[in-house]
Each structure stands twice: as structure tokens, then as C-alpha cells.
Amino acid sequence: MATNIAALNTVYNHFMTTYAPEGTNSKYDTHKKSELRGVYSSIVKMNKDAPLFLLDTSPKTQEFAVSLKEGARSLKNVISSVTPEDNGDLLSQKTVSSSDESIVTASYIGDTNADAEAPSLDIEVKNLAQGQTNVGNFLPEEEMGLEPGSYSFDVNSRDTDYEFQFNIGEGDTNRTIQEKLARLITKSNIGIQASTISDGNGNMALKLVSDDSGLRDGADLQFRITDDKTSKTQGTVDYFGLSNVDTRPTNSNFILNGEERSTQSNTFTVDKTFEITLNGVSEEGKTTQVGLKTDVESLTDNISYLIEGYNSFINKAAAYLDSQPYSGRLVREMNSISSLYGKGLSDIGLNINEDGTIELDKDALSSTARSEDALQKFESIKSFTGTVLDKINKVALNPMDYTQKTIVAYKNPGHNFASPYVTSNYSGMMFSSYC
């Protein structure tokens, strides 16, 4: 049976817009081959003696299963972000201060074990890097000025040429064709996001935005659209205004510690120590100071960020208590973990609420961080974090464990075959209504 590409695109877009969290692109979502082998081995081991069961495949259950997995992945990324990759010591990631985060934000990417202090930075942002935006001609939505037929146009993006072909049929309007082209360009994954915009007077235009910002040496645009040498009928570029450049791409320009610099992206690294993101333009002559926070401040920031992620996970699971009874079991299991370390957590300013979330007393936390036995007191939060990490790894591997299901048969211990794909039933449910 031929693969239905449109259906797969629909599934993917539904997943990304409905379940995937904002800022879903994270370096913690990339893995080494050894890590992937470890995940597979864990799945095989988990399912070796698991019973066979029938799933509840209702839309609400599908949403719950995928949302639960995404919640677990997000919390795992939070824990990873406060744990240095070079030593794996929980909550010891150094944090960075910025005197004006509306202008510059930064994170520490250097060696946590390095004895040398990281340099402080003074940054004055002259202008931000920006991408290219093309805005087409605003045309009456319910009309069509082109004859029915086969049309095409060429796009040069990221030093590669692409040809797009499409048909205009009887009854097609500017609106239907512009929406078709927007989908066609965006889903082609060539570095351009396309959408339709309206002027509020019954007219619609295509808007094309480059994924990348800045300019490479010798270039003046991120992409070009023409149809003067295309293989099908010409005319769509001029008619729809696909080549109308509204915003030209530019590089960032800033002064770093007195030295003028320029980058293609608003995010870049400095001396393999800081990852800098430019967010706004500075006032004339005013600089933003960036530097490492003290160990006490870093630890407090890490714990605050961790608790925010933990509470978000608990709240997401609790949101399904009425529709998914087994979600209550997950909330109770998480509560048991926090209760196990309850006294140690409360001693450092982390108080457990009745709903399972944790309330942070920053004053008590800072006071603990400055005490002589701080390292000993903070062992409780590190142990708590390690136990939570073990738990959410299991949830991410098998979110179906917390959905409604009917057990059909138990496997014969010691005489069964591994079924490593059982934990992926949730992905099958996503596709079942499209394929």
C-alpha cells in the first residue's frame, strides 16, 4: 500500500501544534548511538514479562498518552539543563547573569571543572540579525486571474534550486491556490515558512519568511523565486508577487568588550564559554554586562528551574484526573517520591503542597546555600532529583502504563518472546485515524 504523504504530514503537524512544547528544539533531544541502544534495551527488558492487553483508543486517551510522554521528556530536559555534561553532578550547572535580559541573555557552556574564572562581557547591540520576508500581492480572495493549467516556479534557497509544480483548475480562486502554495512551500522543508495574510478587505497575499537569518559572504538574499526558466507555464511569480522582498536579511552588529563584531545569527558562542542570544537593540552608548553568578546564586537558580519543571509535570498529569483515572496513580507515585524526601526538602526551603506540587522559599534556600554544611543539606534535593529522573525515564518509555486498558493474558515467565514495540502503541494510535 502506497504511503499517504499528506496523511503523514497531517499527523506530524497535529503532533507539533497540539502536543509538542514550545521551544521543542533542544540539544538534550539529541543522543549518541550508545544512548539509543540503551533505550532500546530498556524497552525490551520492560516488556519481556509484561502482560498482553487491549487499549482504550479514544481520542482523549491518545491525547493523554502523547501529552504524558512529552511532559516527561520536558522534565528530563530540565534536569539535564541543570546538570553539567562534563561531570554529571546534579544541580551544579553554572548560571549566567545579564544586566538587561531584554537586550542579551546568556548561558554557560564552558568546563564546570575549570579553575579559571570566566571573563565578564560588555555588549552593546547595534542591530539584530534578521531573515528575509517576501510579501506577495494582495488579491481578491474569491477571484482568479490566471487560466486553468499546469504552472511552476523555481526557488533558490540555501544554495539549492527547487522547482514547484501545481495545477490551477476550474473553480479555483486566489484563496485556494495561495493556501495550496503556502502548504506546498512550508512542507517542502527548504528553509522557508509560507502562510497567507489578509488585509481585512477581502484580499489575501502570500507571506514567505526564511528560517535562517543573516547573510553569507557575497549573498544579498536568503532565497530567490523566479519562473523565467521554469518547465511549466510561467506567470505565477508576477501574479502572486512571490518575489516581492518586504524585509531584506541582515547580520547582527554589536560591540563586544570594545570590539565591533557581526554574526549571521542572533545566537552565538564566545570563547567556548558563553552562548549569547541577542534579544534587542541597546540604547546609544549603553552596554549590557554578562558574567557568571556565584555558586550560591547558580545553585538557587538551578533548583528554582527544577521545581518549575517538576510542578509543570505534576499539573499536566493532574489535568487528566477526571477523564483518565490512571493518571491519579502517576500523581500518587510522584507524591510518594516527594514525601520520601519531604523532611530534607523542607529543611532547605522546599515545601510540599497538598496537590503534590512543591513551593519554593527562596529566602530559606539562599540561607541554606550560605551555611557551612550546605553541601550536606543539599544532598536531599540531589537524591530527590535522581529518583524523579529514574521515574520519568520509565514514564517516557511507556506512557501506556497510565492509560485505561484491559489485560488479556499474562506471559509465561521464562518462556516468552520480547515485544519491544508495545510501548509505542501511543504512536500507532496517532496514525490509526489517518492511514
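Helices H6 and H7 (residues 327-340) cross at roughly 150 degrees, and their axes come within 8 Å. Angles over 145 degrees count as roughly antiparallel, so H6 and H7 are roughly antiparallel to each other. Their crossing is left-handed. On the H6 side the contact uses Tyr-310, Phe-313, Ile-314, Ala-317 and Ala-318. H7 contributes Ser-327, Leu-330, Val-331, Met-334 and Ser-338. By class, this contact has 8 nonpolar, 2 polar and no charged residues. The model is a predicted one.

H6 (residues 295-318) also packs with H3 (residues 59-81). The H3 and H6 axes come within 9 Å and cross at roughly 170 degrees. H3 and H6 are therefore roughly antiparallel to each other. From H3, the residues are Leu-68, Gly-71, Ala-72, Leu-75, Val-78, Ile-79 and Ser-81. They meet Tyr-305, Leu-306, Gly-309, Tyr-310 and Phe-313 in H6. This contact divides into 9 nonpolar, 3 polar and no charged residues.

| Pair | Axes within | Crossing angle |
|---|---|---|
| H6 and H7 | 8 Å | roughly 150 degrees |
| H3 and H6 | 9 Å | roughly 170 degrees |

Next, the strands. An open sheet of 5 strands runs in the order E2-E17-E4-E13-E14, with antiparallel pairing. E2 (96-98) and E14 (259-263) are the edge strands, and each pairs on one side only. From one strand to the next, the twist averages 30 degrees. E14 pairs with E13 (residues 252-256) in the antiparallel sense, over 5 bridges. Within this sheet, Phe-254 has Arg-261 in E14 as its bridge partner.

Terms used: Residues numbered from 1 in each chain as written. Predicted model: local features only at pLDDT ≥ 70, side-chain atom pairs only at ≥ 80, totals over all residues. Heavy atoms only, no water. Axes fitted to C-alpha atoms, helices over the stretch in contact; angles between N-to-C directions. Helix = DSSP H or I, 4+ residues; strand = E, 2+ residues; numbered from the N terminus. Parallel < 35°, antiparallel > 145°, perpendicular 65-115°, else oblique. Contact = heavy atoms within 4.5 Å. Nonpolar A, V, L, I, M, F, W, Y, C, P; charged D, E, K, R; others polar. Left-handed = near helix turned anticlockwise from the far one by under 90°. Pairing = 2+ DSSP bridges.
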